[in-house]
Every structure is written in C-alpha cells, then in structure tokens.
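Welcome! Have a look at the model below, and then we can walk through it together.

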Amino acid sequence: MSVKPDSEPTVLAFTAQGPLSPESRDPTYDVEKASADGSTPVGSSLRSETDLDGEGETSGVWVKLDRWNSKLEDVLGLETRGIERVAEEDQTDKRLWGNLLVWLAANCVLPTFGVGILGPLVFGMNLGDSMLTILFFNVFTAMIPAFMSTFGPALGLRQMTSARYSWGYYGGKIVGLLACIACVGWTIVNTISGTQTLVAVADWNLSPAAGTVIIAVLTLIVGFLGYRFVHRYESVSWIPTAISFLVLLGISAKHLVSQPMQVGRAEAASVLSFGGTVFGFAVGWSSLSSDYNVYMPASSKSWKVFLWTYTGLVFPLVLVMWLGAAIGSAAKANADWMAAYEEHELGGLLHAVFVPAMGGGGKFFMVLLVLSVVANNIVNVYSMGMSISVISTYLARVPRLTWPIVITAIYIPLAIVGADKFGTTLENFLNVLGYWLAIYVTIVLEEHLIFRKSDWARYDAANTWDRKEMLPWGLAAVAAGLCGWAGAVLGMAQVWYIGPLGKLVGGDANPFGGDIGFELAAGFSGIVFPPLRYLEKRYLGR
C-alpha cells in the first residue's frame, strides 16, 4: 500500500529526524511500509547477515532467501519482518486503543464460551460458584498478559525475543519451542469448537474433516497477511460475535437456572481445578501479547498500554465465560440440552439452544460464532511464525509468511482426530498450558522487577537483543523452571495423573483432587530464581 501525497509533496512519511505522524493525515497509511528515509519498508528484513549468523555472509542461498523475503513485502504488501527489533523511528502506530480491539476480538469468541460451560458440565459446579470462580481468576490473571504487552512498545521486540533477557539466548529457544507448541495446541482446541458448531449447523451432514479445513483456510488467509491486516480484522470481528452472544442470552434466559453443589473440600477442589482451567485460558496470551504492539511508539506510557490491553482482555473473558456457565448450568436441568451436549458436545448444545427457538435464524448466528474462531486462531497462527524464529537463526531467515502455511498443515490433521473431544481436550490442554506459563511469566517478571528495576533502559535492547554474549546465560532461569515443573507435578490433578498435593485438596470428598499445579509451579520457580540469578550475575557476569 502506498502513502497518499499531501499538500506538501516534498514531505515523505518520515524525515531523517523522525516521524511526521502520516496516519493522522491518511487513514490508509501502512505502518509496516513506513521508513526512516522514505524508501526502506519496515516490513522488510532490515537485519544484516552478521546479525543472523555472525559470519558476515554476503552471498549464497541464505542471502538470496533474505533478499527474496524483502521483495515479497514490496510486491504483495505483506509483513515479512520476523523477530527483528522494530527501531524507534519505525514505531509509528500511535493507536494505543488498538490493544483493546485485538484482545476484545480474540476473547469474544466461541472457545471462551466453551471454557465457561466446563464449570457446571465437567467440574460439577453450580452457577454461582462458577461465576465467582470465573470473575476472580480472570480479574487477576488478565493482569499478567496486560503487563507483558508493555514490553512490545518499550523494547520493540516480540514476546519470545524479549524473553531472552531473563531466559538467555539458548534458554529463550526452549521457551520459544514451548510457545510454538502452545500456539498449535490453542489452534487445535479452537478449531475443534468451530468444527463441532459448523457440523451442527449442517445438521451433522458435514464431515468434521471438511469443517476443519474450512476454518483453517479462513484463518490462513488473514494470518498470512501480517500485523496490519490482523489489527484491521480484529477491530471489527468482535461485533457480530457479541451480537450472537446477546441473542443466545435472550433466547435462553427463561431456561437459566442454578443447581445445588457440594460444599467443603469437594467444593474447594472443584473451584481450584476449574480456576486452573480459567487461568490457563487467560494467561495463555502472555507468551505473545507484545507481538501486537511492537509498532507502537517506545514513548507510549506503559500504564496506558496496560490498561487498554487489560480492558480488552478482562471484559470478554468474564462476560462470555459467564454466559457459557449459565448455559451449562441450565443444561443440567434441561433434558434436551443435556442429551445434545452428551452426544455432540459444544456444537450439539448450541444447536439445541438456537435452532428450536429460531430455526434458520439460529443457524445464522451459529455461523457467526464459527467465524469468531478465526479471530482467535489468527493470533496463534501469526505469533507462532514469530516464536519459531527464536528457535534457530536459520528458521529466522525463512520468510514469515511461510509459517502460517506450515502451522496450518500441522494442526488440520490433529484437529480432525480430536473433533469429538472438545471438553476433554480443552481442560487438559489449558491446565498444562497454565503450568508452564506460570513458570515463564514468574521468571520474566522477577527479572524485570528485581534485577532491571522496572527500567527499560537497563535492557539496552537496540544493542543487545541478538547478541548472545551480552544476554544472560539463562542457567538460573532454566534451573528455576525445572523446580517450577516439580511443583506442577506435585500439585496437578488431571485425569491421567493426580499429584500427591493435588490429591490432598480433594481428600475423600473428591477423589479427583483439586488442581493447584500452576500455583505451586509459580511458587517454586519464584522462590528459586532470585538467588540463582544473583549468583549467575555475580560469578558469570551477566
């Protein structure tokens, strides 16, 4: 996309001295193609060959690939910038409210609703306890990805790249790999929810494989295009979804009831286990939240970035999960709804609510909810393309737009296999996700607050982001991470394994125990990391 000329033909998007805020003159201005001198696209690969491998290579297949990567952005208008730092002069997106819209769209979605129904239908909780658990766990947990998002404008780095400042250059590869696995897992779970609903719209005359491919292709189209297109799509995609949820609330209101629940240790175990699932969903954005504001000015107030992001997270998380909990609780008292859920899970439940009340109109709103899955999947597909580049410098040279295709090829068959196991897949995945992210964010936040004194200048990101000799060794983080996993194993309560401490929470009242895995994971790693990091800095120098 080109920048339209204004009344002063000699003034380009930028001068050598800095930005001239062209977006204020032209709403079609493309932040990814702005440049410091009016000629070099921001989306292009601005890194040198020395930055990539330290050998100063100036010819060969990797250099040709890098050049081709740059040309793609010019020809197609796509973002091909990978994990390279976005320099201050290229951070031209001043729309801080864009943080709100991205996360509003990513969470006002069908999978969020799916988490809500787990409280009554999987953990056996009544509506009141489910809603309180959803409220308190989300209000707290949403602060974590909101704070992590402040790293984007301040450092100009994607989330997994900034993790190098606590986990080290090689430790960052570990968390980058885990982030990639999480993105694939997220996409599988989201796609299963959309596939079940789409198959239900077709009265189960559409195969799960076909439904999965349809959702995957829609996701790929937008995720392929990059930062600018993601922001544009997410700015409007939440509107039809919100309307659909309001319609769902309206037609189901007369059926909404609450069921009694056990008290004492049984109740505590269910609250902790469901709370762990809610935590895993909300904290899941912590591994990628700064990927969506790296083009915002470094001078942006961190508290403003935090508030815009937090608002975009907490309201849809709480409200949509509440609706899911209400529908799930009502299903326990409605034989038709419960039978539909038991036979077809999420898709069957939505069909039982929408179609008898609205007929074809209900199916229309179900389709809108299916499309919301695309908004959620885009975030994961886009960010995995960034996270995977942290794992290897060679992978970093592969054009960013290649990765959405690779990711799609990976998750389609896996989503097809799990198409009839939404509830089980979601619960297991979110709890495990919560364990490792509790460790990851604890270490990153302690590094920032304790050792860097909340001072962005102490990172010196412009000069150190890809210099392994100037980054921490990462030994303290890896050791603390292993201790955190030990805590998770002690406290988890899964169908496939119940830790000794997790079992104690439920006692005789709840043989499935209560999941306190993420709490212990964060606690163990949080206690161990500061002294180990102190020793690392003292004896190893960084």
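What percentage of the 542 residues of the protein chain count as buried? The figure is 59%. Please keep in mind that this is a predicted model.

**The chain as a whole**

If you trace the protein chain, you will pass through 22 helices and 2 strands. Among its contacts with a separation of 6 or more, 82% are between residues 24 or more positions apart. The chain has an accessible surface of about 20,400 Å², and carbon and sulfur atoms make up 68% of that area.

**A phenylalanine and its partners**

Let us stop at F137, which you can find in helix α5, spanning residues 127-141. Its relative accessibility is 17%, and because buried means under 20%, F137 counts as buried. Which residues does F137 touch, leaving aside those up to four places away in sequence? They are V271, G275, G276, V278, F279 and F518. One of these contacts, F279, lies 142 residues from F137 in sequence, yet the C-alpha atoms of the two are 6.2 Å apart in space.

**Two residues with a positive phi**

Now for the backbone. Most residues other than glycine have a negative phi. W204 has a positive phi of about 65 degrees, although it is not a glycine. You will find W204 in the loop that joins α9 (164-201) and α10 (208-223). E345, also not a glycine, has a positive phi near 55 degrees, but E345 sits in a helix, α14, which covers residues 335-358.

**A pair of cysteines**

How many disulfides does the structure hold? The count is 0. C180 is in no disulfide, and its nearest cysteine sulfur, that of C183, is 6.4 Å away. Likewise, C183 is in no disulfide, with the sulfur of C180 as its nearest cysteine sulfur.

**Accessibility side by side**

| Residue | Relative accessibility | Class |
|---|---|---|
| F137 | 17% | buried |

Terms used. Residues numbered from 1 in each chain as written. Predicted model: local features only at pLDDT ≥ 70, side-chain atom pairs only at ≥ 80, totals over all residues. Heavy atoms only, no water. Helix = DSSP H or I, 4+ residues; strand = E, 2+ residues; numbered from the N terminus. Buried < 20%, exposed > 50% of the residue type's maximum accessible area, 1.4 Å probe, protein only. Contact = heavy atoms within 4.5 Å. Areas by Shrake-Rupley, 256 points an atom, 1.4 Å probe, with all protein chains shown as cover. Disulfide = S-S within 2.5 Å.
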